[in-house]
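Keep a viewer open as you read.

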Amino acid sequence: MSAVMPTYGRLPLEACKGEGAWLFDEQGNAYLDTFTGIAVCSLGHANPEIADVVASQARTLVHCSNFFHINSQEQLAEKLCQISGMDNVFFGNSGAEANECAIKIARMFASHKGISQPKIITTEHSFHGRTLATLSATGNPKVQKGFEPLVSGFVQVPYNDIAAVERLSNDPDIVAIMIEPVQGEGGVNVPADDYLNSIRALCDQNDWLLIADEIQTGIARTGQWFAYQHADITPDVVTSAKALGNGVPIGACLTHGKAAKLLQAGNHGSTYGGNPLSTSVAKKVLEIIERDGLVKQAEIQGAKLLQSLKARLLAHEKIKDIRGLGMMVGIELDQDCADLMKRGIDRGVLVNVTQGHVVRLLPALNMSDSQLDDLIDKICSLIEDYLAE
């Protein structure tokens, strides 16, 4: 019996080594990985440049208190603001922490406005984390079950339904809307082209904060540094994590304009957040993505991935939809297909199934053309054979 708390449904594979787009088990079998740690290892597993930074920084200084200036933290914050159009950054250790910070910013915004019972709009099928506040914001009852009473102050509306948001415009207690530019856990749901622009306009009209949860979509995943940039808007708050550290834990909450000065000394903090190790690694991640043109590559390879999957699979009557943005693709079946995760292991390809019936692909951004072709063939063959049974 394992001493590890049984909070995960484990697949029958022990990952022992990684190399780029590949994972290897204890027998040395290779698996083309579309999990990437759930959109984390965008630069591939065991990236040698990242490994060098980890080793070098570990020999220099892993951690020090945020009571002192940390040069790599300052440099990373400046770079993040440059690529995002934001003004400043708070660093934590995870996406959930970044979203907690965003929620606290919205609460402080409400306090400054004299609103004692503030509400934040979130959407159905969203996912914002597993802390009490972020699971309360999440639009999935399964995540919340057993943890009641939930944190109050969240109002849910259907995703990609601007009219549902408009109907809340007369509620004086609403202070923010928290939205994923593309829903990940919810099934790779891509909204209408004008959805985020309309949300931004409603926030401006009603003096709400726009919080963009870019934990999964950020850091080049969708073919822009951040997915909101496809809509050419600037949120008030942006959260990032996952790919920012390529596996080294780090989270970031970025703010702009009226949100940028709400938190002051004593309002928020993190013991480990923004430490020299994590910020040095994140700096290198951004450097590699920029140097190697991976934002554009994610756009180009993502389009090829999406088009190739549609060309081969979409005619099948049991495929409801194939959708995505950049290297973030969902294949929706008309039936439960969770078994594809185990079947993929037998085929040498690791796939994630979310919502029970959507195959979610989040491959490394620096895959070679031949690896992408291999991936397309493995995924199509896996699904075709599954549906032929």
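Predicted model: local features only at pLDDT ≥ 70, side-chain atom pairs only at ≥ 80, totals over all residues.

Residues are numbered from 1 along each chain as its sequence is written, and side-chain values use heavy atoms, with hydrogens and water left out.

Start with the largest nonpolar core, which has 88 residues. A core here is a set of buried Ala, Val, Leu, Ile, Met, Phe, Trp, Tyr and Cys residues joined through side-chain atoms within 4.5 Å; buried means under 20% relative accessible area, exposed over 50%, and partly exposed in between, with a 1.4 Å probe and protein chains only. Those with the most contacts inside this core are Leu80, Ile289, Leu309, Ile331, Val359, Ile379 and Ile383. Its biggest contributor is helix α12 (residues 369-388), with nine residues. (Helices are DSSP runs of H or I with at least four residues, strands are runs of E with at least two, and both are numbered from the N terminus.) There is also a second, separate core of 21 residues, including Ile120, Ala176, Met178 and Ile211.

Zoom in on Ile331: leaving out residues up to four places away in sequence, its contacts (heavy atoms within 4.5 Å) include Leu309, Val359, Ile379 and Ile383. Asp321 and His357 are among the residues it touches, too.

Ala77 and Asn88 are eleven residues apart in sequence, yet their C-alpha atoms sit 6.7 Å apart. Beyond its neighbours within four places in sequence, Ala77 is in contact with Val89 and Phe91.

Ser240, in strand β9 (residues 237-240), is buried, with a relative accessible area of 0%. Not counting residues up to four places away, Ser240 touches Ala98, Glu214, Ile215, Ile219, Phe226, Gly251 and Ala252.

On a 1 Å grid over the protein atoms alone, a cavity is a set of points where a 1.4 Å probe fits but cannot get out, while a pocket is an open set with protein on both sides within 12 Å along at least five of seven lines; lining residues have an atom within 4 Å of a point. Grid points are joined across faces, edges and corners, and a volume is the space filled by probe spheres set on the points.

The structure holds one cavity of 30 Å³ or more. Ile179, Pro181, Leu196, Leu210, Ala212, Tyr228, Ile233 and Pro235 line the largest cavity, whose volume is about 30 Å³.

The second largest pocket has a volume of about 470 Å³. Its lining has 15 residues, with Asn66, Phe67, Phe68, Gln73 and Phe90 nearest the centre. The elements giving two or more residues to that lining are α3 (71-84) and β4 (88-92).
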